[in-house]
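Thank you all for coming.

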Amino acid sequence: MSIGNSLPSVRSASAGRAGGVPPVPPPSGGRAVPRRAASGRRAELLAPFVLVAPAVLILVLLRLWPLLLGVNFSFTGDGDRDGAMVGFDNYVDLLHDPLFQQALRNVGLLVLLLPVAVAIPGLLATFIYLRVPGHRFYRSVYFFPAVLSPVIVGAIFNLLLSFDGPVNVVLSTVGIGPVDWLGDPDVAMFAVVGVHMWATFGMALVVFLAGFATLDAALLDAARVDGASLAQVIWHVIIPSLSRTIQFVFVTTMIGMLTSMFGLLYVMTTGGPEGSTYLPEYYIWIQQGQMNRPALASAASTALFVIMLVVGLLQLKLLRRAGRED
């Protein structure tokens with residue numbers, strides 16, 4: 001009996017060695033598969049953090065850490081008190097400095113002019129998308145100013161806006177006296193902001209055109225069938241559909257106005273006349289580069305950061321509330 005019972009096992013073993021079907025290994029108790037599945041799920045959970053980690057590290061080292069160092073440095077002194085902790089003395093000096101007060105008033109002016117800076121590229125993008133007469137011209141030249149250096153733009157408009165320049169010559173032909181565009185304290189800031197809008201609207205227009213790519217064309221067709229005018233299409237169809245794009249352009253345009261006008265200011269007005277074109281970034285450069293007051297410049301930089309943060313958050317809140325009401 002024992003010899004007969006052992007024959008099948010011997011035959012199966014010999015068959016396996018001869019190239020037949022190998023014997024099925026005994027089950028491992030169901031442990032290997034769950035372990036592999038658990039390790040796979042863990043890898044899937046960790047993958048996003050691993051991919052984002054380099055960017056976060058760069059932001060922390062090159063953005064957040066210098067920002068914290070600058071904030072800490074703003075509480076130290078200049079001159080005889082160099083390196084000593086002075087508390088909020090630098091911020092008190094800022095609030096009592098007439099030039100910084102003028103810079104803050106100009107920030108308020110930029111906030112008031114911001115809707116115009118957003119509406120211009122928005123309308124041009126709408127004309128291009130709806131193929132109104134002249135849209136090919138806008139499409140061919142809209143990005144040209146954005147590729148020019150602020151120094152070149154400032155030099156060009158210094159010639160155009162000079163007291164005896166082409167702009168005043170054209171105005172004189174229609175009976176308007178010459179305007180001192182860059183020498184009148186009441187006009188100079190508007191002139192510089194207008195030049196900045198012209199030089200930078202191309203980037204915002206590109207963003208708007210990208211937003212139009214996501215617009216549902218059926219909504220425009222329905223509006224046309226209902227007999228809606230161009231103004232009604234823009235107000236009731238395009239603006240609600242591009243609410244997120246408009247929010248993005250508002251915030252980025254405001255940041256650009258507060259942090260990217262130094263080149264124009266330096267070339268066109270150097271902060272004048274009478275400090276009327278000062279902005280926080282120009283004030284920071286003056287205090288750091290000419291007055292040798294780096295701690296005060298750090299305090300002004302911190303104040304500029306807080307201003308951009310508050311203005312950006314308020315804009316987003318107002319735009320989201322308007323979107324919900326629509």
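This is a predicted model: local features need pLDDT of at least 70, side-chain atom pairs count only at pLDDT 80 or more; totals for chains, interfaces and linings use all residues.

Let me begin with the largest nonpolar core, which has 67 residues, and in which Leu94, Leu110, Val193, Leu205, Ile238, Met257 and Met261 touch the most other members. A nonpolar core here is a set of buried Ala, Val, Leu, Ile, Met, Phe, Trp, Tyr and Cys residues joined through side-chain atoms within 4.5 Å, where buried means under 20% relative accessible area, exposed means over 50%, and partly exposed is in between, with a 1.4 Å probe and protein chains only.

Residues are numbered from 1 along each chain as its sequence is written, and side-chain values use heavy atoms, with hydrogens and water left out.

Which residues does Met261 touch, if we leave out those up to four places away in sequence? They are Leu110, Met189, Val192, Val193, His196, Gly256, Leu279 and Glu281, where contact means heavy atoms within 4.5 Å.

Next comes Thr126, which is found in helix H4, residues 98-130; helices are DSSP runs of H or I with at least four residues, numbered from the N terminus. Thr126 is buried, with a relative accessible area of 4%, and its side chain reaches the backbone oxygen of Gly122 at 2.8 Å. Leaving out residues up to four places away in sequence, Thr126 touches Phe212, Ile234 and Ile238, and Ile238 is one of those core residues that touch the most other members.

Finally, a few backbone details. The peptide bond from Gly272 to Pro273 is cis, with omega near -5°, and Pro273 is found in the loop between helix H12 (262-268) and helix H13 (280-290). Glu274 lies in the loop between H12 and H13 as well, and its phi is near 60°, a positive value in a residue other than glycine; Glu274 is exposed, with a relative accessible area of 74%. Arg131, in the loop between H4 and helix H5 (135-141), has a positive phi of about 55° although it is not a glycine, and Arg131 is exposed, with a relative accessible area of 58%.

Notes: Helices (H or I, at least four residues) and strands (E, at least two) are DSSP runs, numbered from the N terminus. A polar contact is a pair of N or O atoms within 3.5 Å; within protein, one must be able to donate a hydrogen and the other to accept it, and residues adjacent in sequence count only if both atoms are side-chain atoms.
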